[in-house]
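Here is a colleague's note for someone opening this entry for the first time. Please keep the viewer beside you and take the points in order.

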Amino acid sequence: MTKKRRHRRNNVNATQKATLNKDAAGSEEVGDRLSKLPNDILLNILERVDTLDAIRTCILSKRMMKLCTELSQFFLSCSSIPGHNVRTNSEYVRTNSAVAHVTDNILSTKSPEITISKLKIRFILMQPDCYTIGKSVARTMATQKVGAAEFEIITEKIHKKCSPADLLDHAKQFNDFFSACLDAFAGLKRLWLRNMRFGESDIPNILSTCKLLESLHLTNCDSGMNSVVQLEHAKLTELEVKYGKFEIVELTCLPKLQRVSYKGWFNSHKGPLYFGFVPQLSKLRLTKIGTRPTRTLELSQLLDNVPHIGNLHLDFQSEK
């Protein structure tokens, strides 16, 4: 090889090496971009996603792992665990146990100096996991400031597979859980229940205990065929009822109530709702399939005692 060719080859190798070094440096800079963000921005990002996803992200960096104890918003859900849609007992147990364990671990290690602005937990009504969650939340409420806490409680059986006996059993399981964790329920702002058939006094008892409650969702819940439930609460602002066999839901005294939604009420001789003292009610949403057996809904009678409705949505899901 001539001296001239050898010099040219060395120049090419030097250029390639410089290019590779430059690309490596650029890749390192791009890959490190997230961890270089300030803590307040990282926390803002982490609090916008599911808490379990946030934890998985933080594990990748020692610096970010420390941020887990500084989170102020938490959303822990059985939907975040792989296999939550599998309808087998073993998967249910594994899923709920994971949610309970993570909830207890996070809340017990969190810095008490940081206020929890939002805490939402979606879990299956199964022992002993629901008790673990309830006791953990109660301890947290007793030692730390919690702005808004929410329970969304799912049953093992979906509604299509629930017999009347199953609905009664779900309500009994819930009442046992409720009685064992009164301090946790007393601090809730939102509560969503599914697939339960309560006793006559159970729902009023829940409302009297959950004194801070602002939002109540009842899906496929009632107190028996053609039952009547009377609701009274000082702070409730939102009520959503879906299906169930209530003959009528009486909104007896709800001075802060602003929004009501009722979907698929049971056919009865009375209207689906009775409005007592609801001075701030402004939004009403009624949804039901219109069929011939359906009793005519007289809006003038239904809303006779309501001072003002600013937003009325009617959806009868047919041309009738």
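1. Start with strands E11 and E12. They run parallel and are joined by 5 bridges. Strands here are DSSP runs of E with at least two residues, and helices are runs of H or I with at least four, both numbered from the N terminus. Two strands count as paired if DSSP finds at least two bridges between them. Arg285 stands opposite His313 in E12.

2. A word on the source. This is a predicted model: local features need pLDDT of at least 70, side-chain atom pairs count only at pLDDT 80 or more, and totals for chains, interfaces and linings use all residues. Residues are numbered from 1 along each chain as its sequence is written, and side-chain values use heavy atoms, with hydrogens and water left out.

3. Step across to E9 (residues 259–263). E9 runs parallel to E11 (residues 283–287), and 5 bridges join them. Here Ser261 stands opposite Arg285 in E11.

4. Now take the whole sheet. It is open and has 9 strands, in the order E1-E2-E3-E4-E5-E7-E9-E11-E12, with parallel pairing. E1 (73–77) and E12 (311–315) stand at the edges; each has a single partner strand, so one side of each is left without a neighbour in the sheet. Neighbouring strands are turned by 10° against each other on average, direction ignored. Angles are taken between N-to-C directions of lines fitted to C-alpha atoms, for helices over the stretch in contact, and run from 0 to 180 degrees.

5. Look next at E4 (residues 190–197) and E5 (residues 215–222). They pair in the parallel sense over 7 bridges. Met196 has Cys221 in E5 as its bridge partner.

6. H6 lies across E2 (118–124) and E3 (149–154), at about 165° to E2.

7. Check Phe151. Leaving aside neighbours within four places in sequence, its contacts (heavy atoms within 4.5 Å) include Ile133, Val137, Phe177, Phe185 and Trp192.

8. Last, the cysteines. The count of disulfides (cysteine sulfur atoms within 2.5 Å) is 0. Cys78 is buried, at 5% relative accessible area. Cys253 is partly exposed, at 31%. Buried means under 20%, exposed over 50%, and partly exposed in between (1.4 Å probe, protein chains only).
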